[in-house]
Amino acid sequence: MNTISLPASCDRAATKALYTDICEGLGPAPLDVNASRVEKIGQAMLQVLIAANASDGGIVITQPSPAFCDAVKLAGLEPLLTESSA
Amino acid sequence: MMNDDDIQQIFFVECDEALEATEAGLDACKAGTHDDETINAIFRGVHSIKGGAGAFGYEALQAYTHCFENLLGDVREGKVPIETALVDLLLLANDLLRNHVEAARTGGEAPDDAELMTRLEGARPGAQSPAASPPATPSPSESAAQADEFEGMDDLDALLDELTEPEPATQPDKASWFVHIRPRAGGMANGSEPILWLRDIAALGGECVHCETSGIPPIDQLDVEQSYLGWTFRLPGTVDRGEVEEIFDFVGDDCALAFGDDPMPPLDLLTDEPSATDPEPNPSSEAEDKTDDAGGPHSAPTPIPSSSKPAAAKPAATSSQAAQTSQSVRIDLKKLDKLIDGVGELVIAQAMLTQRIENEGFAHIEELGMLDTLVRDIQEHAMAFRAQPISSVFGRVPRLLRELAGNTGKHVKLEVSGETTELDKTVIERLSEPMTHLIRNAVDHGIETPAERAEAGKNAEGTLTLAAEQKAGRIVIQISDDGRGINREKVLAKAIKNGLIAEDADLSDDEVNQLVFAPGFSTAAQVSNISGRGVGMDVVKQNVKELGGRITIVSTPGEGTTFTLALPLTLAISDGMIVQVGDQSLVIPLAHVIESLRPARDAIKGLGTARQMLNVRGAFVPIVSLGAMTGAQGMVDEAYEGVLVLVETESFGRAALLVDAITDQRQFVIKSLDAHYRSVESVAGATILGNGKVALIVDVDYLVQSASGAKGSVPVLPSHLENAAA
């Protein structure tokens with residue numbers, strides 16, 4: 001399984017930088033997205049993760065940090081956590 | 001395009017507006033005239049400052065407003081009763097908030113707020129009942145540390161709210177309502193971040209019930225710069241729509257909002273790429289998707305009225321969106337001034353055109369009248385843009401009185417009338433300083449100490465009255481106190497001592513009063529730290545004069561003093577009567593003119609050797625020859641040969657100005673003589689006539705006032721002597 005690690009600050013600039021890596025990491029198997037370091041996350045990264053999760057193999061969020069969980073919950077995107085890790 | 005500085009400027013303007021609203025609300029609380037909306041307005045004011053402070057990184061301000069807001073929240077929810085002690089505390093808090101804002105604006109050091117924050121926190125019900133409240137607000141330093149996250153994204157506001165919040169989300173709230181949020185691409189640019197807005201909404205007790213994800217294209221077609229998401233939040237009934245809208249005050253077009261039954265605003269992508277937008281644009285199908293997408297915990301039924309489901313959307317997204325558009329526009333003052341200047345030039349050009357056409361013998365063509373009406377309409381509308389209620393000046397007085405009470409021990413009751421009177425923004429801005437000084441002076445020198453007042457049989461609490469009204473085309477502002485009045489003997493002695501007048505000078509009461517405006521009358525020995533802050537009464541008079549105004553005093557020993565400021569409504573364009581006086585064209589501001597007449601020979605009576613009075617329907621008014629006053633050559637010799645323009649003055653009653661002829665009556669653009677030449681007494685300014693010539697605008701009050709001392713003219717009788725003369 002491919003793995004990608006999210007940085008502490010997942011703002012739009014970080015999203016731009018990671019976008020290609022995420023696209024390339026997607027495949028028939030879920031992409032492992034490690035969110036343990038995330039301290040802040042913005043809309044740009046969230047929508048990339050949603051799109052990635054909708055791809056064939058989808059993604060699995062692993063070790064989500066409290067800040068990540070908090071932002072995901074705030075944005076009403078808990079399914080991203082539950083579904084992706086399922 | 002606006003930069004950060006521009007946006008910050010707007011923030012500070014809005015801070016001022018919010019502070020005025022909170023101050024007015026707290027004053028209403030103090031007076032016992034408040035209602036629920038008053039409390040809501042105070043809360044909103046503080047809350048909006050907090051929001052902006054967070055966005056711009058003013059951490060101390062944000063921490064303080066958070067603490068302030070907590071207590072206001074308790075007041076709003078009825079947990080803390082509105083009592084005098086509480087209102088006094090809130091007023092103090094508001095004063096400190098003003099200092100905080102000023103510090104943020106000027107980049108100065110934030111005021112010491114520790115003690116007041118403790119008092120604010122102590123006034124909350126949680127202070128007595130530990131069970132009622134979670135841990136107290138973090139200190140500013142803690143808050144600042146917490147706020148130091150990327151570009152304010154996880155802003156302090158949200159963090160603080162999370163610490164103190166959590167509202168019981170499960171509590172069945174019969175009046176829950178929805179807001180739909182659709183950020184646009186700009187919402188993710190320039191350091192803004194939609195997730196922050198969501199945090200602010202959550203801080204109000206909002207809960208996300210749906211995230212609209214159907215607009216997200218496949219990952220390989222996704223543009224990171226675009227905004228594809230939308231959210232629906234449920235808010236408790238205790239939150240009003242204005243509070244949510246305030247969160248988006250600084251967002252502008254970067255986010256579309258919809259409320260209640262309205263559908264989620266449609267996806268609005270930056271480019272027209274159809275591939276990225278293909279899931280659009282049927283709002284109803286989109287809304288139906290929502291319930292499926294939401295899935296899991298969000299799809300669970302809630303006690304929300306079914307009518308509020310987004311699925312009930314009608315295809316009226318654009319109109320509902322338009323309905324959310326603000327009804328006001330904020331305009332840079334410089335742009336407004338350019339418009340006013342342009343209108344001024346238009347008025348001049350119209351006058352020239354009219355003159356030219358009249359010279360060609362087409363004076364009465366219909367189009368000229370239409371043009372005149374249109375230009376007048378444009379001018380009036382343009383001037384209305386700059387008109388502001390004087391309440392923005394009056395509104396600062398309660399704080400001033402509180403400060404003065406703290407310093408002098410004199411508690412002064414404020415009575416205000418006519419605060420909705422409007423006048424030009426420039427006048428308002430420049431009025432603040434002289435008014436502040438007059439009020440300081442009234443409290444410091446006019447109003448007696450409580451002991452002295454008791455001895456004089458007066459109420460221990462002094463009264464300061466501020467009144468404004470529009471009168472004869474001018475704004476008349478009165479500042480009255482019920483103090484001891486001007487001690488004329490003392491003033492006279494001081495003036496003699498300072499060499500302002502001769503020892504044997506014989507001055508009337510009014511002339512003695514006027515001495516307080518003399519330069520050099522105020523000295524360091526005389527002024528206290530209250531009224532002597534570098535602005536003497538002479539500067540007050542100068543300030544008022546520069547505004548084209550006049551200041552007069554009426555003072556009764558033992559009863560009090562009234563300062564009356566008569567100011568022009570506007571500094572730009574006015575109506576005037578153009579008169580011919582010998583070889584000169586002059587403009588008499590129409591605001592002074594009562595009527596004009598060609599007198600019969602027997603209506604003019606001599607008074608003494610060189611004085612003439614006009615009999616106007618039984619009342620005698622003095623005749624003032626404009627030619628003699630202005631030095632014009634070749635004017636009529638006898639009053640009955642010319643035209644008399646009956647004018648009303650502020651302080652000297654009526655007078656009849658003698659002119660050769662009235663040539664026109666029209667709008668004129670006031671050009672400052674100070675700016676283009678130098679200040680000339682008896683001249684209020686200059687204007688350009690239709691024939692391109694410059695005409696002086698007569699300072700009617702000054703002319704009539706000084707007529708008594710002018711050679712070849714008639715002394716002017718005060719109005720109360722007119723009937724006696726008759």
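What share of the contacts in chain B with a separation of 6 or more comes from residues 24 or more positions apart? In this predicted model, such residues account for 71% of those contacts. Chain B is built from 26 helices and 22 strands, and of its 726 residues, 41% count as buried.

The largest nonpolar core holds 63 residues. Those with the most contacts inside this core come from both chains: A:Leu49, A:Ala52 and A:Ala75 on one side, and B:Leu198, B:Ile201 and B:Phe233 on the other. Helix α2 of chain A, spanning residues 43-53, gives the most to this core, with 8 residues. Setting aside the neighbours within four places in sequence, A:Leu49 is in contact with A:Val33, A:Ile59 and A:Leu80. Apart from this core lies another one, of 45 residues, and B:Leu614, B:Ala655, B:Val698 and B:Leu703 are among them.

Next comes the meeting of the two chains. The contact between them takes 31 residues from chain B and 26 residues from chain A. On the side of chain B that touches chain A, the elements giving two or more residues are α9 (194-203), β2 (207-212) and α12 (283-298). Of these, α9(B) gives the most, with 5 residues. Sorted by class, this side of chain B has 20 nonpolar residues, together with 6 polar and 5 charged ones.

Two sheets of chain B can now be followed strand by strand. As a reminder, strands of a sheet pair through backbone hydrogen bonds, either parallel or antiparallel. One open sheet has 6 strands in the order β14-β18-β19-β17-β16-β15, with mixed pairing. Its edges are β14 (593-597) and β15 (604-607) of chain B; each has a single partner strand, so one side of each is left without a neighbour in the sheet. From one strand to the next, the twist averages 35°.

Another open sheet of chain B has 5 strands in the order β20-β12-β13-β22-β21, and its pairing is mixed. Here the edge strands are β20 (661-669) and β21 (683-688), each pairing on one side only. The twist averages 35° from one strand to the next. Strand β13 (residues 584-589) and strand β22 (residues 694-698) of chain B pair in the parallel sense over 2 bridges, and B:Leu586 has B:Leu696 in β22(B) as its bridge partner. A helix also joins the picture: α14 (residues 333-359) of chain B packs on the sheet, touching β12 (573-581), β20 and β21. The direction of helix α14 makes about 150° with that of β20(B).

Finally, the backbone holds some points worth a second look. Most residues other than glycine have a negative phi. By contrast, phi of A:Gln63 is near 45°, a positive value. A:Gln63 is found in the loop between β5 (59-62) and α3 (66-74) of chain A, where A:Gln63 counts as partly exposed because it has 13 C-beta neighbours inside 10 Å. For B:Arg617, phi is again positive, near 45°. B:Arg617 lies in the loop between β16 (611-616) and β17 (619-625) of chain B. With 6 other C-beta atoms within 10 Å, B:Arg617 is exposed.

Note on methods: Residues are numbered from 1 along each chain as its sequence is written. Chains are lettered from A and ligands numbered from 1 in the order in which they are written. This is a predicted model: local features need pLDDT of at least 70, side-chain atom pairs count only at pLDDT 80 or more; totals for chains, interfaces and linings use all residues. A nonpolar core is a set of buried Ala, Val, Leu, Ile, Met, Phe, Trp, Tyr and Cys residues joined through C-beta atoms within 7 Å. A residue is buried if 20 or more other C-beta atoms lie within 10 Å of its own, exposed if 12 or fewer, and partly exposed in between; C-beta atoms are placed from the backbone. Helices (H or I, at least four residues) and strands (E, at least two) are DSSP runs, numbered from the N terminus. Two residues are in contact if their C-beta atoms, placed from the backbone, lie within 7 Å. Ala, Val, Leu, Ile, Met, Phe, Trp, Tyr, Cys and Pro count as nonpolar, Asp, Glu, Lys and Arg as charged, and the others, Gly among them, as polar. Two strands pair if DSSP finds at least two bridges between them. Axes are lines fitted to C-alpha atoms, for helices over the stretch in contact, and angles run from 0 to 180 degrees between N-to-C directions.
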